[in-house]
2 protein chains.
Amino acid sequence: MLPTIKWDDKKVIMIDQRKLPLEEVYVECFDYEEVAQAIEKMIIRGAPAIGVAAAFGVALGVLQIKTRASLHEEFERIYLRLERTRPTARNLFWALERMRDVFLENNKLELSSLQQVLVKEAINIEKEDLDTNKKMGASGKGLIGDGDSILTHCNAGALATAGYGTALGVIRAAFEEGKSLKVYADETRPFLQGARLTCWELDKDNIPVVLIADNMAGSLMQKGEISLVITGADRIALHGDTANKIGTYTTAVLAKEHGLPFYVAAPLSTIDFEIPDGSQIPIEERNPQEIREIDGRLITLPQIEVRNPAFDVTPARYISAIITEAGIARPPYDKSLSLLKNKIIDND
Amino acid sequence: MLPTIKWDDKKVIMIDQRKLPLEEVYVECFDYEEVAQAIEKMIIRGAPAIGVAAAFGVALGVLQIKTRASLHEEFERIYLRLERTRPTARNLFWALERMRDVFLENNKLELSSLQQVLVKEAINIEKEDLDTNKKMGASGKGLIGDGDSILTHCNAGALATAGYGTALGVIRAAFEEGKSLKVYADETRPFLQGARLTCWELDKDNIPVVLIADNMAGSLMQKGEISLVITGADRIALHGDTANKIGTYTTAVLAKEHGLPFYVAAPLSTIDFEIPDGSQIPIEERNPQEIREIDGRLITLPQIEVRNPAFDVTPARYISAIITEAGIARPPYDKSLSLLKNKIIDND
């Protein structure tokens, strides 16, 4: 299992995803501010992994509270700091809300007991995420046929989660049951998650992977070399509109044009049941320098204006199915996603 | 005017397009082998510019012939060397064929006279290309409206031609007549022609340009921020199927999905009247290292398999119009392109 993020006594250890695949460097965070900055700088990224990191961030923050006197005030400060790290991934807010609920349920406890309860909850969130991904793999693997060539965008793998992955978890599950398959990984500019992270992960697991530039998927589909598309998600609205890494929408349009299935794999914690459609998903616009530079070196003139939206929204009508840990949702998604959510609640 | 390529007595000078925009370095070629390598290494690129370079290469080669004894044999060697530099751009073969026709018409002349005729012909090809682009701009500028935002892919500008450009020539002509416009330039991995060349050219001319990653155009179209697409072409088949830089096909699919016009701007020398459709256009697959590296530095593990097709084919049904120096061709293209060709022949 890849060590995306781990709790280690009074610190959090995460692999520095900016340095992969050429360097495997680990970053240690001793307080919530360091975790917040790690999320902002994309030392850790991927919606479920951001959720786990935020939960650990809350735990670290609460561990540093010295007296009950300012407990609620301090908790609020920690919460608000972590909440404003990145705006799009639903899992960040989901994890923070869950930690707050546990905090509120247990805030009459002695401080040290409350601290232990919150550390335990954060570790549970991490463990559950791994379990969720395994279930998602089991749910979705039947959608992949023997001999399929699968396009994926960005990294929705072990590195984007507590382990195993969402989109790559489904691919792993299909591979583990003996299916012959090939993954085409879009390099995913500007952060190159496909080239750097997806290729590294799949190569470690001996899953055949072919790296392509983002602009090549259309041509490969035209030639019949892609069977289906699977991506992860950062936030899914009630009716199924899905925010995911910039470029995902283009792969969905291409899939539609070529009559190929387009699947999204995401845990229920990525679904925002509060917002009906994608128009209300906040889309992060990141530092323009990420577009002007690659690996710290300019690829254009420094004065050139750029756009750098980190995500786009794929409307539900392009999505063949949403694969979750509770099963596969098909359109209409407001109904199918709500049913899956209730199924999980009933099982708990 | 930008100095893409120039004949200078017994040598050819070209700007090194691998080094732009951060370094403006010129390369001098003294024989046809150096020109052939400059084309292969993409020191010079862009279909019309490759055609001009090949013509100059023939001229340099013929200048080095010492006696009439082996004239035809030597000419054939020069021709074949330049012919196998890059397979897709029609203009390469068009320029070589034109130089061979002039060679054959004049091969009874004294060697020194024949050499002068061929140098003159190559210089004519260069001058005509610039003139052709100006005419193309005049033909196509009416397709751009005041206030339009134009997506372009790769570099179909002054640097891809003897000057002024094909797609960027049309944009320049619209800008020169006072239209307010904005150009979105796809960065165009792996060679980054958009980020490096298109942004540099347009910035020099004070034409507003915004650089985006290749995977962002779909999202911008979805938000209504793009009015139309214009690209160049490397080879156009009789029925209008167009080979151009990898990723062009994706922009055409996106344009169709969003109801936007998709225009191709190319001289008649890019049209291959001998082949009916795009299935017969040879597509170059370049060195895999271009995908694994950016600027000489690995972005993935060295053992990762990659694909690196340099071009894709956009079927004619996605193309709203083809802008040429003789006017605008509309579907069906076999008829409209043939009419434009005859119009040029009649005018000569």
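Trainee: How many residue pairs are in polar contact across the interface of chain A and chain B?
Mentor: The rule finds 28 residue pairs, both residues at pLDDT 80 or more. A polar contact is a pair of N or O atoms within 3.5 Å; within protein, one must be able to donate a hydrogen and the other to accept it, and residues adjacent in sequence count only if both atoms are side-chain atoms.

Trainee: Which elements of chain A supply the side that touches chain B?
Mentor: Those with at least two residues there include strand 5 (182-186), helix 7 (193-204), strand 6 (209-212) and helix 9 (248-257). Helices (H or I, at least four residues) and strands (E, at least two) are DSSP runs, numbered from the N terminus.

Trainee: Which one gives the most?
Mentor: Helix 9 of chain A, with 6 residues.

Trainee: And how do the residues on that side divide?
Mentor: Into 30 nonpolar, 12 polar and 15 charged. Ala, Val, Leu, Ile, Met, Phe, Trp, Tyr, Cys and Pro count as nonpolar, Asp, Glu, Lys and Arg as charged, and the others, Gly among them, as polar.

Trainee: Before we go on, what are the ground rules?
Mentor: This is a predicted model: local features need pLDDT of at least 70, side-chain atom pairs count only at pLDDT 80 or more, and totals for chains, interfaces and linings use all residues. Residues are numbered from 1 along each chain as its sequence is written, chains are lettered from A and ligands numbered from 1 in the order in which they are written, and side-chain values use heavy atoms, with hydrogens and water left out.

Trainee: What area is buried between chain A and chain B?
Mentor: About 4,800 Å², and carbon and sulfur atoms give 58% of that. Buried area is the accessible area (1.4 Å probe) that two parts lose on being put together, summed over both. A:Asn215, A:Glu257 and A:Arg307 supply 14% of the area that chain A buries against chain B, more than any other three residues.

Trainee: How many residues are in contact?
Mentor: 57 residues of chain A with 57 residues of chain B. Contact means heavy atoms within 4.5 Å.

Trainee: How many salt bridges between chain A and chain B?
Mentor: The count is 8. A salt bridge is a side-chain nitrogen of Lys or Arg within 4 Å of a carboxyl oxygen of Asp or Glu. B:Glu187 and A:Arg189 make one, at 2.7 Å, N to O.

Trainee: And over all chains?
Mentor: 52 by this rule. A:Glu177 and A:Lys141 also meet in one, at 3.5 Å. That pair links distant parts of the chain, 36 residues apart. A:Glu177 is in the loop between helix 6 and strand 5, and A:Lys141 in the loop between helix 5 and strand 4.

Trainee: Parallel or antiparallel where strand 6 of chain A meets strand 14 of chain B?
Mentor: Parallel, over 2 bridges. A:Val210 has B:Glu305 as its bridge partner. Strands 4 and 5 of chain A also pair in the parallel sense, over 4 bridges.

Trainee: Which sheet has the order 1-2-3?
Mentor: An open, antiparallel one in chain B. Strand 2 (residues 11-15) and strand 3 of chain B pair over 4 bridges.

Notes. Two strands pair if DSSP finds at least two bridges between them.
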